[in-house]
Amino acid sequence: MKALKIILSIVVMGLIFGGCAYNFIVEEEVVDPTDPGAPEVSFSGEIVPIFSSKCVSCHTTGNQMPDLSPENAYSSLNTSRYINTSDPASSLIYTKPSPTGNHVKYSEAEAALVLTWITQGAQNN
Ligand code: HEC
């Protein structure tokens, strides 16, 4: 009986600590664009780096529109062609590279950041 109790408590401890171990697996963090309490997304700090890493090879000054180079990205995007703050999910800067399209794609986390930035008013922040 005593041995059974010991074995049982080892199993329970294993479950508890085994369960905790999953907390240490870091997944790609995805913001929720519909969460009004979502932290403010910074255009210069979070959106421009996405453009720099996977867009400017084509979308640069004098090349394919929109110009997504860090110094021109905001002014080229700040038009109703690319951004629709009253229906953020229909914005071309969000839909064109969406993970389901056939153009270069945002990752799920990048798409969520872009949508959150537009939902928060597409500020030059
Ligand atoms: C390999 C080159 C290439 C890369 C990299 C690329 N694009 Fe494009 N993009 C194009 C081309 C070519 C077009 C025009 C043809 C079309 O509309 O599919 C275009 C069109 C667009 C348009 C629509 C432009 C308009 O006015 O109709 C948007 C918005 C856009 N890209 C955003 C992006 C973003 C954001 C990224 C980075 C995640 C990106 N692109 C990466 C080549 C590229």
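Figure 1. Glu110 is buried, with a relative accessible area of 15%, where buried means under 20% relative accessible area, exposed means over 50% and partly exposed lies in between, computed with a 1.4 Å probe on protein chains only. This residue is found in helix H5, helices being DSSP runs of H or I with at least four residues and strands being runs of E with at least two, numbered from the N terminus. A polar atom of the Glu110 side chain lies 2.8 Å from the backbone nitrogen of Ser107; a polar contact is a pair of N or O atoms within 3.5 Å, and within protein one atom must be able to donate a hydrogen and the other to accept it, while residues adjacent in sequence count only if both atoms are side-chain atoms. Leaving aside residues up to four places away in sequence, Glu110 touches Ile50, Lys54 and Lys105, a contact meaning heavy atoms within 4.5 Å. The model shown here and in the other views is predicted, so local features need pLDDT of at least 70 and side-chain atom pairs count only at pLDDT 80 or more, whereas totals for chains, interfaces and linings use all residues. Residues are numbered from 1 along each chain as its sequence is written, and side-chain values use heavy atoms, with hydrogens and water left out.

Figure 2. The protein donors of the iron atom are His59 (NE2) and His103 (NE2), lying 1.9 to 2.0 Å from it; donors are N, O and S atoms within 2.8 Å of the metal (3.2 Å for Na, K and Ca), and sites may look incomplete because water is not among the atoms. The site has six donor atoms with angles of 81 to 178° among them and is octahedral, a term used for six donors if opposite ones are over 155 degrees apart and all others between 65 and 115. His59 lies in the loop between helix H2 (43-54) and helix H3 (73-77), and His103 in the loop between helix H4 (92-95) and helix H5 (108-119), so the pair ties together parts that are 44 residues apart in sequence. His59 is buried at a relative accessible area of 11%, whereas His103, at 29%, counts as partly exposed.

**Figure 3. Residues around the ligand.** The ligand is surrounded by 19 residues, and the closest are Cys55, Cys58, His59, Tyr82 and His103, a residue being near a molecule if one of its heavy atoms lies within 4 Å of it. An oxygen atom of the ligand is 2.6 Å from an N or O atom in the side chain of Tyr82, and a polar side-chain atom of Lys96 lies 2.7 Å from an oxygen atom of the ligand. Cys55 is buried, with a relative accessible area of 12%, while Cys58 is partly exposed at 44%. The structure holds zero disulfides, a disulfide being a pair of cysteine sulfur atoms within 2.5 Å.

**Figure 4. Two backbone details, at Pro66 and Ala122.** Met65 and Pro66 are joined by a cis peptide bond with an omega of about -10°, and Pro66 has its place in the loop between H2 and H3. Ala122, although not a glycine, has a positive phi of about 45°; this residue is in the segment after H5 and counts as buried at 6% relative accessibility.

How values were computed:
Four donors count as tetrahedral if all angles lie between 85 and 135 degrees; four count as square planar and six as octahedral if opposite donors are over 155 degrees apart and all others between 65 and 115; anything else is irregular.
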